[in-house]
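Here is a short tour of one protein model. Keep the structure open and find each part as it comes up.

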Amino acid sequence: MYIERINSPADVRKLDETALTALAAEIRTLLIQKLSVHGGHFGPNLGFVEATIALHYVFSSPVDKIVFDVSHQTYAHKMLTGRKEAWLSEAHYDDVTGFTNPAESEHDLFTIGHTSTAVSLAAGLAKARDLAGGTENVIAVIGDGSLSGGEALEGLNVAGELDGNCIIVVNDNDMSIAENHGGMYRTLRELRESGGTSPNNLFKAMGLDYRFVRDGNDIASLIAAFRAVKDSKTPVAVHIVTQKGKGYKIAEENRESWHFSAPFDIATGKPKSARGGESYGSLTADFLLKKMQADPRVAVLTAGTPTVLGFTKANRDKAGAQFIDVGIAEETATAMASGLAKRGAKPVFGVYSTFFQRCYDQVQQDVCINGTAATFVVCAASVWGMSDVTHIGYYDIQMLAHIPGLVYLAPTSCEEYFAMLDWAIEQDRFPVAIRQPSNGVLHANRPVRRDYGTLNTFQTERQGSTVAVLALGDFFPLGEQVVARLKSDAQIDATLVNPVYASGIDTAALTELAKNHRVVVTLEDGILAGGWGQTVAAFYGADTRVKVLSYGLKKEFLDGYNANDVLRDNRLTAEQITEDVQNAL
C-alpha cells in the first residue's frame, strides 16, 4: 500500500500520477472501512480525497498554510500528515478528532467546527504574512453549503481587496447537509453548467480572479489548476466540482442521509444498530406538521439542518412553502423569524444550541428589543448533547436567559415540552425559546400546565421541609433521585421543585422556601458560572437561614468527553449531592 509509506506531505510529492490515483483509492477504502466501524462525516470526506492529495502535492504544508472550513472534510488530510495509523488500525481509531486540531499536527492551523470561517481566517493569515514580508501561499478550503453563511461572504469581500496571495478552493458538491438553498447556488449551477464561463460570477463580483475545474475528483486536473495559482500575487477562487460520497454508490445516491453516518454494514449500507424508541425529532415534526396543516400561518425554519426538528425530505415535501431553509445562515433565520412574527405568522426556528450561539445579536436586537413572538427550539443544549469541543451546546443558559424579554423554558418531560411548544406558537406576547430535552423521551406521570404566560412561577412537585431541590429541565430526574436518596439515607423528606423557567426565578416561592428549609439545592444542565443556580444563590444573598448548594458544569472546553465522567467530576450524581447536603446540614 502507498499510504503506509506516507508520513508527511513530502512523501506525497515523491509519487507519480499513477501512484497518486492508487493512493486515492486506498484512502477511500480506509475511509469507508473506518466509518463503517466508528461512524463520522462520510459524504464530505469521500468527495474531497483527490483534492486533498492534489493540495499536498502542489503546496508545501506547513510552510504553505491550508485552512479547512468546518474541517469535517479533513480525514484524508490527516492521513497524509502523519496520522494514518488512526485509519489503518482499529485500535487507534480514536487517536484523532473529527476536525482539524493544532494539538495533533503542525499541519492543522485552527480547531474549526462551525462553518463559513475559513476565508476570514485565511485573510488574516495572508495579511499577517504580507505585513511580515513573507511569501508562503495561503489556501482556504470552503464547501458543503458554507458559502451561504454571512461570514463566508464577508470573508470573500475582504479577500477580494487583498493585495497578495490568497487562494480560495470552493468545493462545490451541490449540497449542504441537505440540498442547498439561496440565490448564490443558482449562480454556482450556472458556472457548473457553463464550464465556468457564465458572466454571472459571484467570485469575480467580489474582486477575485477565478479558475474552474469541471472534474474535482480528477487528480491531474486539480494539480494543473493548483499549479496555475500557486504563488499568485492576487486573490483567486478555484471552483472545483466534486461528488459528495464518491466511491460508495449508496452515499452517492443518498447524499443527505450520508452526510454523517453511524456504524454501518458496508455491503448493504444498513446501520449496525437500529435506534429504537421515540425521538424528539420525529415527534416534533409530527406535532408541527399538524399545526401547519391546521394553520397556514405556522412556519418552520432551519439553517441548513432540517432534520434537527425531524424534517426529512418527505416531511419537507408535506410542509411545502411553510418550511423554510435559509442555508447555513442562523443569523438570517433568527431575524427572518422576527419578520415573520411581525407580519402575523407563527414562526418556529429549530436550531442546535452550538449554532444558536452565532445569533446572540439577532436574538437581542431583532427579536427581543422588538418584542416579536418568535419561537426557538434549542436542541442538544445538554451535557448529553454533542461532545466535540466545537459543538458543545450547554453554554446556552448564560447566553439566552439574561436577554430582557426572552422567555426561556426548560421542560422536564415529553408532555411538558409539547405543552410549552403549543403555548409558544399560539401566544403573541413574548419571544420564547424552549430547551428541547436531551436525556431521552421521558413521559410525565403528573399533570403539566398548559399556560406559561404568568412568568417565572415555579411548580412544586413534592412538598417537604428542611431541604429543597430545584431541578431545572433535563436534571429533573436527577432531582427525583436526590430526593429519594435523602429519604432513604437520611430520613429527610425533601421538597422537589420544577423551576420551569431558565430565564427567571420565582421570588415568592423562594421566599416561602426560606421559612422551613435550611438547604436549597439547584441543579442545571449547563455551565454553573453565571447560570440559573447562581441567580437563585444571589437572591438569598445574606440570608443566613438558607444555604444554597448550586450544581452545574465547570467553565471549561471539553473535547470528546464521556458524559458520565463529566457528571461525576462535577459532583452531579445523586450519591455525591446527597453527601454534600448531609454535610451542609
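## Burial and backbone

A residue is buried when its relative accessible area is under 20%, exposed when over 50%, and partly exposed in between. The model here is a predicted one. Take Thr466, in strand β15 (residues 466-471). Its relative accessibility is 26%, so Thr466 counts as partly exposed. The phi angle of Thr466 is near 75°, which is positive although the residue is not glycine.

Ala380 also has a positive phi, near 60°, and is a residue other than glycine. Look for Ala380 in the loop between β11 (375-379) and α18 (396-401). With a relative accessible area of 15%, Ala380 is buried.

## A cis bond and an enclosed helix

Where is Pro62? Pro62 sits in the loop between α4 and β2 (65-68). The peptide bond joining Ser61 and Pro62 is cis, with omega about 10°.

Now turn to helix α4 (residues 49-58). Ten of its ten residues are buried, so α4 is largely enclosed by the rest of the structure. Among them are Glu50, Thr52, Ile53, Leu55 and His56.

In soluble globular proteins, nonpolar side chains tend to be buried together. The largest nonpolar core in this model has 51 residues. Which of them touch the most other members? They are Ile27, Phe42, Ile53, Leu55 and Phe226. Helix α2 (residues 17-38) gives the most to this core: nine residues.

Leaving out residues up to four places away in sequence, Phe42 touches Ile32, Leu35, Tyr248, Ala251, Trp258, His259, Phe260, Ser261 and Phe264. A second, separate core has 45 residues, including Leu340, Leu406, Val520 and Val536.

## A buried arginine

Arg192 belongs to helix α9 (residues 183-193). Is Arg192 buried or exposed? Its relative accessible area is 16%, so Arg192 is buried. Among the residues Arg192 touches, not counting those up to four places away in sequence, are Asp172, Asp174, Arg214 and His239.

## Two crossing helices

Two packed helices are described by the angle between their axes and the distance between the axes. The axes of helix α20 (residues 476-490) and helix α24 (residues 574-584) come within 9 Å and cross at roughly 55°. The two helices are therefore oblique to each other. The crossing of α20 past α24 is right-handed.

On α20, the contact includes Leu478, Val482 and Arg485; on α24, it includes Ile577, Thr578 and Val581. By class, the contact has seven nonpolar, three polar and three charged residues.

Note on methods. Residues numbered from 1 in each chain as written. Predicted model: local features only at pLDDT ≥ 70, side-chain atom pairs only at ≥ 80, totals over all residues. Heavy atoms only, no water. Axes fitted to C-alpha atoms, helices over the stretch in contact; angles between N-to-C directions. Helix = DSSP H or I, 4+ residues; strand = E, 2+ residues; numbered from the N terminus. Parallel < 35°, antiparallel > 145°, perpendicular 65-115°, else oblique. Left-handed = near helix turned anticlockwise from the far one by under 90°. Contact = heavy atoms within 4.5 Å. Nonpolar A, V, L, I, M, F, W, Y, C, P; charged D, E, K, R; others polar. Core = buried A, V, L, I, M, F, W, Y, C linked by side-chain atoms within 4.5 Å. Buried < 20%, exposed > 50% of the residue type's maximum accessible area, 1.4 Å probe, protein only.
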